[in-house]
Amino acid sequence: MSPQTLRPPEAPPERAVARHGWAQALVTVLAGLIVMSVVAALGLWAAGATDLPDNAFPRVVAATVVTAVGGTIEVSGGEAGGLADTEAGLTVIPLSVTLAGTLVMAAGFLRPLRHRAVTGAPELAGWAARIAALWAPALIGLSYTARQTFAIPLGDFGDLFGASASAGFTSDTPTTVFFGLLWLAGVLVIALLVSRGAPLPARLLRFQESVRPAAYAMVVLLLSYVALGLVIALVVTVTRGHPAQTLAVVLLGLPNVVWLTFTIGLGATWDGQVEGPFGLPMPHLLDQVMRGSDVSTLNLKSLAEFDGKVWWLVVVNAVLLLIAAFVMAVRSPATIRIWQHAVHMALALALTVLMICLVGDISAHYGLSVLGIGDLGGELSGKLFLRPRLWSTLGFAVLWGLVTGFLGGALAKGVRRRGAVDAGGGREGRVP
């Protein structure tokens, strides 16, 4: 017997691939923070935020990242001897920044888990806990950075009475940490659901055949709309100009715009209003419909009164939803029946639209009161809001999901999939 025969066997190669210690967690967190900060900074630069007084730009960038991960920014006003008083509030999520951070942190979470079939729940929870343990202090740092106060000039009135007003923003640290960690948990769970190559604990393997194809199809659908919106933004920039304004929308609110139009193409109705100096990060058509002193209805009918081309949204939705349903069916086992594809698609689409409605809700108001007289108008007050009619929107999503899921399942019948029986009685392998 040779010495080589007596040599103990080497450790399996998966262990080297699956390392996920503190160093890897730190890289994941830093990469997510850097990407979100860069995207937010470029978007705010394009929007002209570098002109803010008192070197507030870095703090506004931090506040943008805080809101992107679900944190809370409290807009506050100040008063001077009862003569002047300001009141303000803001609720908006810059989804371009959110999406960038989601993709980077999901990739960092999944990278050490590649090339493995199964993992233990303690191991998976420990890897996620390392990322969360480093993400929490990062959120605290962002929260303390996202604070600024601005003075509001009152003109001749202020000079006469010595009155002044101020407005600023602060971040509520406990709320920011809570929702930031909740956002991280959602990102990691979605990453596990979408990635076919990511290992799951043995007890959860039975759910992957029905959940993972639908989750993957929804992610493909949402990213397809973002990609389509980016192409349209580039075309608009080339043909109509305004590159800085378009870049600001792309880097701060592109998903806000395209996912809103996606729900409208499904038949959804949103109520909204834009009044005063406020503006929404969206095309001029939407702002035009919503601007005024009354609440406006935003749907296919109201938009078509300004531009009949919006009916093409229905066609685009039909094509992309059918592709998503086909992708879901192809990635599902051949044993799944057509009606099950329809149900899976309906549930997945309803949950996706619910997410869009929750993160797409926007509200802001600003008001200045002098000597107890409020709503002075002009540049001194304004409000905007945008919110969906939730139940009817979800109803349309379920209907579209059932129809496209059925058609996608029928189209996939001719495609060889996992579990399909070939002519020789054997079973086909996994679809690449």
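User: Leaving aside neighbours within four places in sequence, which residues is Val289 in contact with?

Analyst: This is a predicted model. Val289 is found in helix H11, residues 284–290. Beyond four places in sequence, the contacts of Val289 are Ser296, Thr297, Leu298, Ser302, Leu303 and Phe306.

User: What distance separates the C-alpha atoms of Val289 and Phe306?

Analyst: Phe306 is one of the contacts of Val289. The two residues lie 17 apart along the chain. Their C-alpha atoms are separated by 7.9 Å.

User: Is Val289 buried or exposed?

Analyst: Buried means under 20% relative accessible area. Val289 has 10% relative accessibility, so this residue counts as buried.

User: How much of the protein counts as buried?

Analyst: The protein has 432 residues. Its secondary structure comes to 15 helices and nine strands. The share of residues that count as buried is 45%.

User: What is the mean pLDDT of the protein, and where is the pLDDT below 50?

Analyst: The mean pLDDT is 80, and 77% of the residues reach 70 or more. Residues 80–84 have pLDDT below 50, yet this stretch has 13 contacts in the model beyond near neighbours in sequence. Another such stretch has 21 contacts of that kind, with pLDDT below 50 over residues 421–432.

User: Why does Leu254 count as buried?

Analyst: The cut-off for buried is under 20% relative accessible area. Leu254 counts as buried because its relative accessibility is 8%.

User: Which residues is Asn256 in contact with, leaving aside neighbours within four places in sequence?

Analyst: Asn256 is in helix H10. At 12% relative accessibility, Asn256 counts as buried. Its contacts beyond four places in sequence are Ile93, Pro94, Leu95 and Ser96.

User: Which residue joins its side chain to that of Thr176 in a polar contact?

Analyst: Thr176 is in helix H8, residues 173–194. Beyond four places in sequence, Thr176 is in contact with Val66, Gly71, Thr72, Leu139, Ser143 and Ser171. A polar contact of 3.0 Å joins the side chain of Thr176 to that of Ser171.

User: What is the relative accessible area of Thr176?

Analyst: Buried means under 20% relative accessible area. Thr176 is buried, because its value is 0%.

User: Which element gives the most to the lining of the second largest pocket?

Analyst: This pocket has a volume of about 1500 Å³. Its lining takes at least two residues each from H4, S3, H5, H8, H9 and H14. With 10 residues, the element that gives the most is H8.

User: Which residues lie nearest the centre of the second largest pocket?

Analyst: The second largest pocket is lined by 45 residues. Nearest the centre lie Gly186, Val187, Ile190, Met355 and Val359.

Notes: Residues are numbered from 1 along each chain as its sequence is written. Side-chain values use heavy atoms; hydrogens and water are left out. Helices (H or I, at least four residues) and strands (E, at least two) are DSSP runs, numbered from the N terminus. Buried means under 20% relative accessible area, exposed over 50%, partly exposed in between (1.4 Å probe, protein chains only). A polar contact is a pair of N or O atoms within 3.5 Å; within protein, one must be able to donate a hydrogen and the other to accept it, and residues adjacent in sequence count only if both atoms are side-chain atoms. Contact means heavy atoms within 4.5 Å. pLDDT is the predictor's confidence in each residue, from 0 to 100. On a 1 Å grid over the protein atoms alone, a cavity is a set of points where a 1.4 Å probe fits but cannot get out, and a pocket is an open set with protein on both sides within 12 Å along at least five of seven lines; lining residues have an atom within 4 Å of a point. Grid points are joined across faces, edges and corners, and a volume is the space filled by probe spheres set on the points.
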